[in-house]
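Please have the sequence and the structure open while I talk.

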Amino acid sequence: MKKKFASIVAAALLAFPMLLHAAPVKIGFINSITGKEAQIGENLTNGATMAIEDLKAKGIQVELIKEDDGGDPKNALAAYEKLVTRDAVMGVVGPYTSGCANVVASRADQYQVPLLVPAAAKEEITMKGYKNVFRLNAPANVYSMVLMDAVKAYKPKTIAFVYAATDFGVSTVKTAQENALKMGLKEVANEKYQQGQPDYRPSLSKVKAANPDLVFLVSYDADAILLMRQAKEIGLTPKAFLGAGAGYTTAQFAQQTEISNFVVSATQWTDDVNWAGAADFGTRYKTKFGKEPSYHAACAYEAIRIMAESASKSKNPAALRSALKAGSWSGIMGPVKFADYSGFTNQNNHPMLVQQIQNGKYETVYPATFSKKKLVYPFKR
Amino acid sequence: MLFLQPLLSGILTGGVYALAGIGMSLVFGVMNISNFAHGDLMMLGMYLAYFAFTLLHIDPYLSLVLILPTAFLFGYLLEKLFINRVINHPHQNQILLTIGLGLIMSNTALLAFTSDPKILTTSYSSSAFNLPGGISISVPLLLSFLITCIIIAILYIFLSKSSTGMALRATSQNREAAQLMGINVAKMSAIAFGIGTALAATAGALIAPIYYIHPLAGHSFLLKAFTICVLGGLGSVVGAGVGGIVIGVVEAMSSTYLSTDWKDVVVFVLFLAVLLMRPQGLFGKKGGQ
């Protein structure tokens, strides 16, 4: 009899862990700690670590349960299911990659545990009307939109596209073409390339022969450096190089000042933007981890903060969902509000930033309300 | 300009491909082994050049003086320790062994150097000679091409004039007969594998300044090297040289006149056509293999 009573008590404790006031809020965090995306995953981990520390200082105790998906959607889904069933978390932040986030998002409504996607760009994730899926960062179509808005005032007439033959490359260029059409830009060259080639000169020569005002590029990591090197070699000088994220926003790229100077790119966050705490986050991050924070770090930081603050005031995942839906925040990612607009559900209409490399440093140049520096246009060697 | 520019860059890039193909062809000729670790040996060459540059501050092209003997020794030991055990075994065993060695190398590199691509930036990395007519030639690419030519010339003289070279060729023509003539074929195999490794590492080091350095970078070049070998005729050094340049030019031309998407299609259609008409490859000897 005693045994039975004890087990009932134990079961009750397991079922209502939130009733114990001293217990920290349990939040899951799915990230690419290993695998191909591990380099960026590390930035997210660092951002999360800082968020937990800052929350602790504010008196919010968080138990962050970290899961690794290795960049594989299968693992991401398994991690989400483990977090919601075995760990009984209030909410989940992550996963990082679009592929993983998209798969996990499709199950969030089934388990009714809110998922906050910090940095995945695929539009689809918040376009299916999922009630429990929230996204902090701007989706992929904003990349090209904000870049073209930034140069609109200078009245460019022609544009050329050079991009990797990947999901990200093709879909970004597709929306870029729509935006270019709206601006009245004429497309004069369209070069899709296979990644990892040593010689891009033939494609770039074709672009040079078309003499475009704008060259719009989508490339990953090192390809961005190779392309810009070979562009310099063959003397391709448009009025502006527009790099849509990825390879054009890394510290490694900025260090190649000879080829990267004045390249314009779109990003979710910079440390010189005038959002509250952004600069301070940048400095603290640099002292703590010894390197520049990427936008992923800021996204993870803010996502964990929003999730934990909302969760600490909510009794269960359903209440947390309402809190996320109703709330609005302002922090290092600027104003945050999860809204339904133009086909998106629970999507933060995050204002993306345009940055330009000036003397080896990324400087925010657009929109004017968030930036201190001005865009250098036309591009010069 | 739209014709000459890709032609030139195709020839120069093809020259570097050729060096990768020649090492593989030599190993196949002498040992009758398809070395699937060739791409990973190239990757090791890339990292050697990178570390020579960043840690010892040696120009990547000068560092070849160090890389060549190091890689030769490494290849020689690899042959003595592993490869010679499968030399008279079926092809599938040899392929498994070399693929395995390659996997160990690339994954060790992943562990040691992480998957962050490294970029080797020299003072002349993005400089070019401008020729009249708006044509430009990349300085590092031209240097890589010239060094490739010098190495091929030295290799050619070595193979045709020196007694070791002749012994290597004899082993390649007929292993048993060479042994009966008193040639130490086991030693020749080790030397051939050493030279093959040295050529692979050199090709890697020559590509390093114009490409990026990554633990898996060798894999894309392995397929190219293999195509070049078969196209030129397995075992033929001259064939591999010509094959490399042909592939470089075809790639550049098809990306100019068709689209970059189509260049691999064009390369492999051409490859199949050559094999249909000359199964032994462009310079291969009939009935050899």
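In this predicted model, chain A has an open sheet of 7 strands, which follow one another in the order 7-6-8-9-10-14-15 with mixed pairing. At its edges lie strand 7, residues 186-193, and strand 15, residues 361-366, of chain A, each of which pairs on one side only. If you ignore direction, neighbouring strands of this sheet are turned against each other by 25° on average.

Helix 6 of chain A, residues 167-183, packs on this sheet, where it touches strand 6 (158-164), strand 7 and strand 8 (214-218) of chain A, and the direction of helix 6 makes about 170° with that of strand 6.

Turning to strand 15 of chain A, we find that strand 14, residues 353-358, is joined to it by 5 bridges, and that the two run antiparallel. Within this pair, A:V354 stands opposite A:Y366 of strand 15.

Next comes helix 12 of chain A, residues 295-312, and what end-to-end distance should we expect of its 18 residues? At 1.5 Å a residue the helix should span 26 Å, and because its end C-alpha atoms are 26 Å apart, the two values agree. Helix 12 of chain A is also mostly covered, with 16 of its 18 residues buried.

Finally, the contact between the chains takes 30 residues from chain A and 25 residues from chain B. On the chain B side, two or more residues come from each of helix 1 (4-31), strand 2 (135-138) and helix 10 (237-257), and helix 1 of chain B gives the most, with 4 residues.

Technical notes: Residues numbered from 1 in each chain as written. Chains lettered and ligands numbered in written order. Predicted model: local features only at pLDDT ≥ 70, side-chain atom pairs only at ≥ 80, totals over all residues. Expected span 1.5 Å × (residues − 1). Buried ≥ 20, exposed ≤ 12 C-beta atoms within 10 Å, placed from the backbone. Contact = placed C-beta atoms within 7 Å. Pairing = 2+ DSSP bridges. Axes fitted to C-alpha atoms, helices over the stretch in contact; angles between N-to-C directions.
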